[in-house]
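I will go through the strands, then the helices.

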Amino acid sequence: MIRTNETFLHYLDELYLQHTYPSDAIAIVTFAPGDYLFLQNEKASHVLLIKQGVTKVFFEEENEKEYIVEFLGKGEIIGDIEYIRKIEGLCNVQALDVVETYVLSYSFFQSLLNKDSALYELLLDAFASRIVNTARRASYQQLYTIEYSLHQLVEMQKKQAITLSKEDMAAYLGISVRSLNRSLKQLKEGEVVKSKRSENRNAV
């Protein structure tokens, strides 16, 4: 549910330690929870790669409703498509906890594209992964109930030690907050029933 890319992170870690680039080419920048790393419909001047932390990627409609596309973790690159296509930000990217990033200037990113085939391979792999993940999520929405997806979302928060608002959870699942509350209640009731059954079996 949270996309990561350890290979891409290793590539940037190694590159950063080489110190064979201009002082303004690459930097480590930290974002606090709630900070925006990237803005929809605004022109950017850099590409980012998450070194640590979790972000949410979302579209904001004209009526201010949000649709969360995915959650990105360490090793995921941000702003590459916008740079390659020379377009404004396609979506917002916001920190859910403390997020540490590598920030690459456009000129440095272009210089790497010009000479480093390894970066091309990493980008192609990242593009392919996005397509696969999008298709997989669409399939899950068709094949599984909201309760199943909600359970996965709740477990993800426990594992990552982050807390999503009900609005964010609803935006990710594509349902209203009212429907989310109903599903949360059903999920909780199901867990209570499962716990009681387990207690009864252990008592026998």
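Predicted model: local features only at pLDDT ≥ 70, side-chain atom pairs only at ≥ 80, totals over all residues.

**Sheet and helices**

Strand β4 (residues 46-52) and strand β9 (residues 99-105) run antiparallel and are joined by six bridges. I picked L48 and looked up its bridge partner in β9: V103.

Next I asked in what order the strands of the sheet lie. The order is β2-β9-β4-β7. The sheet is open, has four strands and pairs antiparallel. I noted β2 (26-31) and β7 (77-78) as the edge strands, since each pairs on one side only.

Then I checked which helices meet the sheet. Helix α1 (residues 6-18) packs on the sheet and touches β2, β4, β7 and β9. I read about 105° between the direction of α1 and that of β4. Helix α3 (residues 106-115) lies across β2, β4, β7 and β9. I found α3 running at about 75° to β9.

**A helix pair**

I turned to helix α5 (residues 146-160) and helix α6 (residues 166-173). At what angle do α5 and α6 pack? The angle is about 130°, and the axes are 11 Å apart. I therefore logged α5 as oblique to α6. The crossing of α5 past α6 is right-handed.

I listed the residues that make the contact. From α5 come I146, S149, L150, L153, V154 and Q157. From α6 come M169, Y172 and L173. How many of the contact residues are nonpolar, polar or charged? I counted seven nonpolar, two polar and no charged.

Definitions and conventions:
Residues numbered from 1 in each chain as written. Heavy atoms only, no water. Pairing = 2+ DSSP bridges. Helix = DSSP H or I, 4+ residues; strand = E, 2+ residues; numbered from the N terminus. Contact = heavy atoms within 4.5 Å. Axes fitted to C-alpha atoms, helices over the stretch in contact; angles between N-to-C directions. Parallel < 35°, antiparallel > 145°, perpendicular 65-115°, else oblique. Left-handed = near helix turned anticlockwise from the far one by under 90°. Nonpolar A, V, L, I, M, F, W, Y, C, P; charged D, E, K, R; others polar.
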